[in-house]
2 protein chains.
Amino acid sequence: MKKIAILGSTGSIGTSTLAVAEQFPDRFKVVAIAGGNNRELLESQIRRFRPSLAAIADAKAAESLRKKCNDMKVRIVSGVEGMIEVATAEAADITVSAIVGTAGLVPTIAAIQAGKDIALANKEVLVTAGELVMAESRRWNVRLFPVDSEHSAIFQCLHSGQRGDVKRLILTASGGPFRNHSKDDLTKVRLAEALKHPNWSMGRKITIDSATLMNKGLEVIEAHWLFGMAPEQIKVLVHPQSIVHSLVEYRDGSVVAQLGMPDMKGPIAYALSYPERLPDVSPSLDLASIATLTFQEPDRDLFPCLGYAYDALKAGGSMPAVLSAANEVAVRYFLEEKIGFLDVPRVLKLAMEAHAPVSFKTVDEVLKADLWARREAEKIIADRGLRIAY
Amino acid sequence: MKKIAILGSTGSIGTSTLAVAEQFPDRFKVVAIAGGNNRELLESQIRRFRPSLAAIADAKAAESLRKKCNDMKVRIVSGVEGMIEVATAEAADITVSAIVGTAGLVPTIAAIQAGKDIALANKEVLVTAGELVMAESRRWNVRLFPVDSEHSAIFQCLHSGQRGDVKRLILTASGGPFRNHSKDDLTKVRLAEALKHPNWSMGRKITIDSATLMNKGLEVIEAHWLFGMAPEQIKVLVHPQSIVHSLVEYRDGSVVAQLGMPDMKGPIAYALSYPERLPDVSPSLDLASIATLTFQEPDRDLFPCLGYAYDALKAGGSMPAVLSAANEVAVRYFLEEKIGFLDVPRVLKLAMEAHAPVSFKTVDEVLKADLWARREAEKIIADRGLRIAY
């Protein structure tokens, strides 16, 4: 019986993780969960999975949740300290890190320092603090299992060869809903269109990141840290059907790919049960009925965020953290319909130009760079008069 | 330095094996080669690779070759005994089994019994005597490395999971040149068209087997023995571009595939250097320029040979050997333009119907069933008046 703590239980990955736990009650026990501020969902999760510990962001909400749950043996905590308690829950064997954004960094590092294996769904943990996180993982002898479908695919494909024989990683990207748009089309993009991902049902922030290709850029940075590959050894390939989740090219010319129906339960279950594979997690893939898979190079002019990620990775130090934090701000403004789709990359470019990268020694320094970038992005949006383009 | 013996050095796989040895002179030394009756090519191979032992089928040709090669330190042998000497050459670490047809069986078993690892390109070895060959391999602690691109792909993909978690193997088939033909079109097929394989340049016999899908059927039987999978766990998928060489579906729904440009050097080098992968063996795969991969179910009505292979595997014992031997005869008649394309499956069906399968204890029994099937196929062709349909 593997005992699981979940950071971000009420989000998209969190609920899928709970679905996996529910499918295999003999294998997994959910011992601690931390949600955002969806108190009702969190309460129903507590009722269903009976963790002994639950955290909610807001202290007042925690108070109310405590009253609602007083018929159960569950301790309710709140705030960052609460998240850390869940992340490091003594009973847990593995902590699922699925809080979106920089908010996931502190509790994830706490989990690593408590010796928990990590099922990593949060991109920002590695994007903002990859060097620190990898060093801590080695120090505490903790394994990081990727939960992103692309990195899970790479992780699976890397079993087919020795690390020294890997030539490059090929991350696939759906290309988002605007893959075939012109620059002119992009100026007119509305929020509702950007939120319509062709293949995956995900959270709002990551859906926008998919439309700008920033998501793929963040995944390039993540792959760099997870798999120890240089930026030039990580390639992005647009594959609109999202069936081939990613590929590894070996130096002999052989390419190994992982395929499957778009479904997050697969990578989650694999991270939780590795090296075993559990039965009937994801729907079966029928390639004859899918019939056609297509591939194309990403349009880097149209989607400059992808190139910014490579630039940030090459600049090193705090630059990826600045890119990611500025992106969180820009996407929030776009989600609030206060800036246009093409303003998102503009904000990132200006924020990166205003930043001289420093190297990180502590998480506090990461958070400081993060905060700087958020303020800078806000300032850029205010100063430059970036606004809805339509 | 790995020392290699090659059975079938003058054939398609043999010459590709020599090309690999030539590309990596610091890793491989060719110590023994056996060719068919192409004396000139064999002589030039001896000059280039300087093996200490070489075999040619015909005794007279051996005499002539001896004279031609009297300036070199090479012993020339002939006949089945000569093939066995090459297969078991004391200096060899691994024997490449690349003689086409049942002729490869006896020397390959001899190599196994001499404790040589086997790079297996000959299909008939496992098709006709799979149970015996696998038992001998276990007994002599010998590893069988598949050289067929499909089985090499499966072998690579099987590294991504535990054996108990494999749901099924998916062998891809180009579908051959007549993939989109109607039954009526097939009655008019001429030899020259059947010899035009869309993607692979191979020997004549295997090219015809690709056009009838018999090749894929034989590969299903081979996969059964190599990977210990039941017939219903082995699926065939038509993939005309021959880029995805085969796939493994795991029980969690994850599918792992191996891709590459159609090039036999890749699987050969992998079999010779496993688990390492050698640099720049096959041309790099550029999926964006290939752009489209398609998949469809095989048409079992149009290409009944595929179904016959499953039937033979289920019937067990000597039936696959009978199918394979009858197919060798039928294809020979087709290559001599004495019977039509659709006569090939007819001969196989009638031969199988005339056979009551027995189980094998010895290689002699395999050869006896093989001989029976050849005679039966000849008889069928003579008796039933099968002839060129055009």
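I count a residue as buried under 20% relative accessible area, as exposed over 50%, and as partly exposed in between (1.4 Å probe, protein chains only). I began with A:Asp280, which is exposed, with a relative accessible area of 53%.

**Ground rules.** The model is predicted, local features need pLDDT of at least 70, side-chain atom pairs count only at pLDDT 80 or more, and totals for chains, interfaces and linings use all residues. Residues are numbered from 1 along each chain as its sequence is written, chains are lettered from A and ligands numbered from 1 in the order in which they are written, and side-chain values use heavy atoms, with hydrogens and water left out.

**Entry 1: the two chains.** I asked what rotation superposes chain A on chain B. A rotation of 180 degrees does it, with 0.0 Å of shift along the axis and an RMSD of 0.0 Å. The two copies are thus related as by a two-fold rotation axis. I superposed by least squares on the C-alpha atoms of residues with pLDDT of at least 70 in both copies. Next I looked at the interface. Of the interface residues of chain A, 100% are also interface residues in chain B, so the copies meet through the same surface. Contact here means heavy atoms within 4.5 Å.

Entry 2: I took helices (H or I, at least four residues) and strands (E, at least two) as DSSP runs, numbered from the N terminus. A:Asp280 is found in the loop between helix 12 and helix 13 of chain A. Its phi is positive, about 55 degrees, although A:Asp280 is not a glycine. A:Pro275 has its place in the loop between helix 12 (265–273) and helix 13 (287–290) of chain A. The peptide bond from A:Tyr274 to A:Pro275 is cis, with omega near 5 degrees. I then checked chain B. A cis peptide bond joins B:Tyr274 and B:Pro275, with omega about 5 degrees. B:Pro275 lies in the loop between helix 12 and helix 13 (287–290) of chain B.

Entry 3: How many residues of helix 12 of chain B are buried? Eight of the nine are, and the helix (residues 265–273) is mostly covered. Among them are B:Gly266, B:Pro267, B:Tyr270 and B:Ser273. I looked at helix 1 (residues 12–23) of chain B next. Its axis and that of helix 12 of chain B come within 9 Å and cross at roughly 65 degrees. For axes I used lines fitted to C-alpha atoms, for helices over the stretch in contact, with angles from 0 to 180 degrees between N-to-C directions. The crossing of helix 1 past helix 12 of chain B is right-handed. By my convention a crossing is left-handed if the near helix is turned anticlockwise from the far one by less than a right angle, and right-handed if clockwise. Helix 1 of chain B brings B:Ile13, B:Ser16, B:Thr17, B:Ala19, B:Val20 and B:Gln23 to the contact, and helix 12 of chain B brings B:Lys265, B:Ile268, B:Ala269 and B:Leu272. By class, this contact of helix 1 with helix 12 of chain B has six nonpolar, three polar and one charged residues. I count Ala, Val, Leu, Ile, Met, Phe, Trp, Tyr, Cys and Pro as nonpolar, Asp, Glu, Lys and Arg as charged, and the others, Gly among them, as polar.

In chain A I looked up A:Ser16, which lies in helix 1 (residues 12–23). A:Ser16 is buried, with a relative accessible area of 19%. Leaving aside neighbours within four places in sequence, A:Ser16 is in contact with A:Met264, A:Lys265 and A:Ile268.

**Entry 4: helix 10 and what follows.** Why call helix 10 (residues 204–212) of chain A largely enclosed by the rest of the structure? Seven of its nine residues are buried, so the description holds. A:Lys205 and A:Asp209 are among the buried ones. Their cover includes helix 6 (124–139), helix 14 (304–315) and helix 16 (343–353) of chain A. A:Leu213 follows helix 10 of chain A and has a positive phi, near 70 degrees. In chain B, B:Leu213 lies in the loop between helix 10 (204–212) and helix 11. B:Leu213 is buried, with a relative accessible area of 3%.
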